[in-house]
Amino acid sequence: MKNLFGILSSLLLITACSNEPSNLDKMLFILDYYNCVDLSRDGHNYNVDSILEQVDLSEYQHEGNKVRVHRRIPFSFLDSLCTDEQLKELVYDRSHSAAVRVTAFKALASRGYNGLEKMVLDNYKDTAKLTVGGDDYFWKEHAGSMFLSFASGARSRGYISVQDSLMNDSLALFTPDIPIYDFLKEKLREMPPSDDAHYNRIRELYIKHPCEELLMALARYHNTNDLEFIAAELENFNLEEPHIESALSAIAVWPHPFFKKKLEKLRDAIIAGKLGSGMREVDRFVQAVMAYDYSWAHQFLDTSLALESKAPKKRYQVLIVDELHRNDRKMYMDLIKKYPSKQCNCLYHDEEVTSNR
């Protein structure tokens with residue numbers, strides 16, 4: 001509540017010389033109040049002024065009303081209310097929330113503003129947190145991560161050079177004393193192996209902060225010294241499922257023979273129902289197995305499904321068959337027919353009917 005009264009006090013100072021706050025004042029207030037960026041909504045299709053004119057900021061004094069009153073206002077309205085210079089000022093204005101700074105940069109990035117890269121360099125270390133998301137899914141993020149993310153999007157539109165974009169990725173990787181941003185984690189999922197400096201840094205970060213994305217990036221270097229990292233995660237299924245998911249994702253990019261026996265052990269645990277819900281680990285399990293050569297993978301899956309069909313509950317057969325259906329229908333169609341599931345039969349039937357027409 002102290003923050004709320006502080007924001008209200010600031011607003012009173014802004015509007016001391018006028019009877020009503022401007023629509024920009026209202027938008028800044030809302031951004032500060034929620035400290036949230038809604039990525040799913042675009043204000044360009046709305047009559048921004050008419051919507052904001054109906055906003056009564058006094059309603060924010062009632063804490064219980066805040067979500068239902070104005071949470072659905074698109075935060076990209078800021079793009080429709082500001083000039084380039086106003087947005088630039090807001091990017092650097094630390095008196096406002098991280099959401100204001102990030103939304104202002106997002107607007108400039110969408111416009112192709114000349115000077116985006118300098119703003120990234122000035123702000124990528126910003127570890128202030130905000131809420132980010134869309135529709136019904138929101139999460140906490142660091143402001144610096146969002147600056148890097150929107151800059152990466154600007155690269156695809158030609159507003160930031162490829163060279164600058166690659167430098168930004170390296171900054172996120174090599175700068176000490178900043179978190180492993182979500183932006184960097186997404187980059188690591190697809191990051192190809194590079195030089196020794198990158199390998200050493202990824203390995204250093206993984207040892208300090210083990211996570212799926214770092215392990216995947218490390219696995220792409222095919223350094224046998226790292227086999228034990230993956231094996232340790234794979235054998236952790238008695239503790240937490242995320243360990244298994246990390247290991248299986250790493251095996252999918254590095255299907256080393258060392259893991260074949262360990263995959264059998266995991267398979268037996270899956271069939272015995274020793275894991276949790278089964279959804280995510282079975283998805284990654286099939287991806288990892290299919291990364292090996294076809295003859296071994298086909299035999300392994302056939303044996304796995306045969307064992308599963310004899311299990312009392314058959315908890316995972318549908319999941320495994322569905323994954324086969326989604327990933328490579330032609331190569332594994334014999335297994336789909338041999339071990340059918342209701343969902344797959346429906347999908348297969350629909351495709352047959354379509355092809356016969």
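Q: In this predicted model, why is Trp296 called buried?
A: Trp296 has a relative accessible area of 18%, and buried means under 20%, so Trp296 is counted as buried.

Q: Is Tyr292 buried or exposed, and how do you know?
A: Tyr292 has a relative accessible area of 6%, which is set against a limit of under 20%, so Tyr292 is buried.

Q: Which residues do ring pairs link into a cluster with Tyr292 and Trp296?
A: Ring pairs link Tyr292 and Trp296 with Phe285 and Phe300 into a cluster.

Q: What makes Arg267 count as lying over the face of Phe300?
A: Arg267 is placed over the face of Phe300 at 4.9 Å from the ring centre, where the distance cut-off is within 6 Å.

Q: How many aromatic pairs does a search of the whole structure find, and why is the pair of Phe29 and Tyr33 called stacked?
A: The search finds 11 aromatic pairs; in the pair of Phe29 and Tyr33, the centres are 5.8 Å apart and the planes 15° apart, and because planes under 30 degrees apart count as stacked, that term applies to Phe29 and Tyr33.

Q: Where do Phe29 and Tyr33 lie?
A: Both Phe29 and Tyr33 lie in helix α2 (residues 23–34), four residues apart, about one turn of the helix.

Note on methods. Residues numbered from 1 in each chain as written. Predicted model: local features only at pLDDT ≥ 70, side-chain atom pairs only at ≥ 80, totals over all residues. Heavy atoms only, no water. Phe/Tyr/Trp six-rings, centres within 6.5 Å; stacked < 30°, edge-to-face > 60°. Helix = DSSP H or I, 4+ residues; strand = E, 2+ residues; numbered from the N terminus. Buried < 20%, exposed > 50% of the residue type's maximum accessible area, 1.4 Å probe, protein only. Lys NZ or Arg CZ within 6 Å of the ring centre and 35° of its normal.
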